[in-house]
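Here is a short report on one predicted model.

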2 protein chains.
Amino acid sequence: MTQDICQVTIINQQRIAQARKQMPDDTTLVEIAETFKLLGDPTRVKILQALAVTELCVCDLAALLEMTSSAISHQLRLLRARGIVRFRKQGKMVYYALDDSHVQTLVEVSLCHVTEC
Amino acid sequence: MTQDICQVTIINQQRIAQARKQMPDDTTLVEIAETFKLLGDPTRVKILQALAVTELCVCDLAALLEMTSSAISHQLRLLRARGIVRFRKQGKMVYYALDDSHVQTLVEVSLCHVTEC
DNA sequence: CAAACATGTGAGCAACTGTTCAATTGAAAG
DNA sequence: CTTTCAATTGAACAGTTGCTCACATGTTTG
């Protein structure tokens, strides 16, 4: 037996209508959530912070974060898929860099948020 | 057998040192990730978007998002724990509202990001 | 008081996530 | 060509997440 959605008063129904009117469409909301989800992992945040300073190869990132390059590579794959980082091959190495100013802004605002600045 | 962290060249070690120097401390990075993780769910993004428009009770949110009030309540609990929303009791009902301007900024930037504005 | 109702909460469960491990690819060096 | 090494990839596995369901709490109303 599923729980029924409750009945609301007339006043609140107006508020609901107002909120619904200003709500972005579902696809947009899901994309927003997916963007945040991508930033919602310590490893990926560290990668982005590092790449905000300088271009680095997978190997460098692995050394910096003290993780296996496999783990880093898996995360870079996700960031690449979203167009957040770009890469450039140089021999055996692959250098990664940030490729999205919005994301950098997001991280900065968030940093400001947690450090109460 | 764990995979060894690779040896990097001198040049890249300097870059790593540079990146490490500018890297916020680990606690801060984890908190940033946790903030983003909290925003990284469609249900919670919808709740925040709705509350950005107007104060709403759990019941209203459940009706607006077409979900059970239990599910909404679980999510509000997380948002409350992070101080992102505040609430006010009025009889049986509990009205929720946004309580964090940074978060609203984050959602706005992200909306701008996904809509290419 | 009892009934009705909005909300909160804990257990359980299916789906997802991040890492490890093993194997592969591709480029540089012997 | 063979070896070496950076990077990638897929499978597997443990840990996490978001929802449902059942129940508890607290408030209003009869």
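Arg15(B) forms a salt bridge with Glu55(A), with the closest N and O atoms 3.8 Å apart. A salt bridge here is a side-chain nitrogen of Lys or Arg within 4 Å of a carboxyl oxygen of Asp or Glu. Between chain B and chain A the count is four salt bridges.

In this predicted model, local features need pLDDT of at least 70 and side-chain atom pairs count only at pLDDT 80 or more, while totals for chains, interfaces and linings use all residues. Residues are numbered from 1 along each chain as its sequence is written, chains are lettered from A and ligands numbered from 1 in the order in which they are written, and side-chain values use heavy atoms, without hydrogens and water.

61 residues of chain B are in contact (heavy atoms within 4.5 Å) with 62 residues of chain A. About 5400 Å² is buried between the two chains, and carbon and sulfur atoms give 71% of it. Buried area is the accessible area (1.4 Å probe) that two parts lose on being put together, summed over both. In chain B, Arg15(B), Phe36(B) and His113(B) lose the most area to chain A, together 12% of what that side buries.

Now the DNA. 29 residues surround DNA strand D, each with a heavy atom within 4 Å of it.

| Side chain | Oxygen of DNA strand D | Distance |
|---|---|---|
| Arg80(A) | phosphate | 3.3 Å |
| His74(B) | base | 3.2 Å |
| Gln75(B) | phosphate | 2.4 Å |

Technical notes. Polar contact = N/O pair within 3.5 Å; in protein donor to acceptor, adjacent residues only side chain to side chain.
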